[in-house]
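Please keep the sequence and the model in view while reading.

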Amino acid sequence: MAVRSGNLSPFFSTNSSLFHQPLAAAAVAAKAARVAEQIPPSTTLFVSGLSGRTTNQKLREAFANFGDVIHAKVVNDRSSLTNHCKGYGFVRYSNIEDAEKAIKRMNGQFLDGRVIFAEYAKPKDTTS
């Protein structure tokens, strides 16, 4: 079966308008608001986008500016020989107000050269 060359150009062209439309900042903010609404407020934050250089101490110091940090833990890959950071961690505050303040101030900020994202941690699923 012969395929005419003109039929496939929209699929393989890099000039397509799909590749040139930046994601609107308002759409990103709206999605973040929907995600925040789905997860109930908690004193524990889930922090993603962490660098491999980020340590428990650096994570604690970065979030200590917003309240009393009880615990800060970077999750490491135990199966690797280097115990490399998996790119996320958890920060627990003594109260919800401090956790909320930290999310507002740290979400989208740089830590160790990487943009990090902070949100309320989802509760553990204890039914499994």
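Is E100 buried, partly exposed or exposed? E100 is partly exposed, its relative accessible area being 33%; here buried means under 20% relative accessible area, exposed over 50%, and partly exposed in between, with a 1.4 Å probe and protein chains only. The model is a predicted one, in which local features need pLDDT of at least 70 and side-chain atom pairs count only at pLDDT 80 or more, while totals for chains, interfaces and linings use all residues. Residues are numbered from 1 along each chain as its sequence is written, and side-chain values use heavy atoms, with hydrogens and water left out.

E100 meets K104 in a salt bridge, with 3.2 Å from N to O; the term denotes a side-chain nitrogen of Lys or Arg within 4 Å of a carboxyl oxygen of Asp or Glu. Both residues belong to helix α4 (residues 96–106), where they lie 4 residues apart and are therefore separated by about one helical turn. Helices (H or I, at least four residues) and strands (E, at least two) are DSSP runs, numbered from the N terminus. K104 counts as exposed, at 62% relative accessibility.

The structure holds 2 salt bridges. K58 forms one with D112, their closest N and O atoms being 3.5 Å apart. This pair links distant parts of the chain, 54 residues apart: K58 is in helix α3 (residues 56–63), and D112 is in the loop between β4 (110–111) and β5 (114–115). With 34% relative accessibility, K58 is partly exposed.
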